[in-house]
Amino acid sequence: MRTGELNFEEAREALEQLYESSDEKRRFILRLYVLYAFNDMYGREGLPFLNDSEDYMFFIDNCREMIKMEQTNSTLRAELYREIGEFDQCVQYLDSLEPAGEYENQVREQIRQRALGKDRMVFEL
């Protein structure tokens, strides 16, 4: 059953086709679709991936571009560092952030603990 969400290949295709003609907000959304679709495919569905696979390299590039975007909030930025395996950068970045609300701080602590454990897999909050 389809839920109306894009799978990874569809999200990647949408990004490649629409990115240049999109404004900054739409570009961020397109990149977010790729992030979610990749995490669904390889994280939540448990499909194995190779670190040097084309899909994974595309995912890494997508995350690096998202890190640079203004729309990426601080907690998502830390999570992106963790998911692409830049664990030290993730922890350093988290250490540089001002405290947030209780829930946000709990999420950040989960990201920190996973980064310290060199765990880049997506997880549910």
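**View 1. Cys90 and Cys63, two buried cysteines.** Cys90 has a relative accessible area of 0%, which makes it buried (under 20% relative accessible area; exposed is over 50% and partly exposed in between, with a 1.4 Å probe and protein chains only). Cys63 is buried too, at 0% relative accessibility. The sulfur of Cys63 is 12 Å from the closest cysteine sulfur, in Cys90, so the two are too far apart for a bond. Across the whole structure, the search finds zero disulfides (a disulfide is a pair of cysteine sulfur atoms within 2.5 Å).

This is a predicted model, where local features need pLDDT of at least 70 and side-chain atom pairs pLDDT 80 or more, while totals for chains, interfaces and linings use all residues. Residues are numbered from 1 along each chain as its sequence is written, and side-chain values use heavy atoms, leaving out hydrogens and water.

**View 2. Arg12 and its salt bridge to Glu54.** Here the closest N and O atoms of the two residues are 3.0 Å apart (a salt bridge is a side-chain nitrogen of Lys or Arg within 4 Å of a carboxyl oxygen of Asp or Glu). Arg12 is buried, at 10% relative accessibility, whereas Glu54 is exposed, at 58%. Together with Glu16 and Asp55, they are linked in a network of salt bridges.

**View 3. Arg114 meets Asp119.** Their salt bridge has its closest N and O atoms 3.1 Å apart. Arg114 is partly exposed, at 28% relative accessibility, and Asp119 is partly exposed as well, at 24%.
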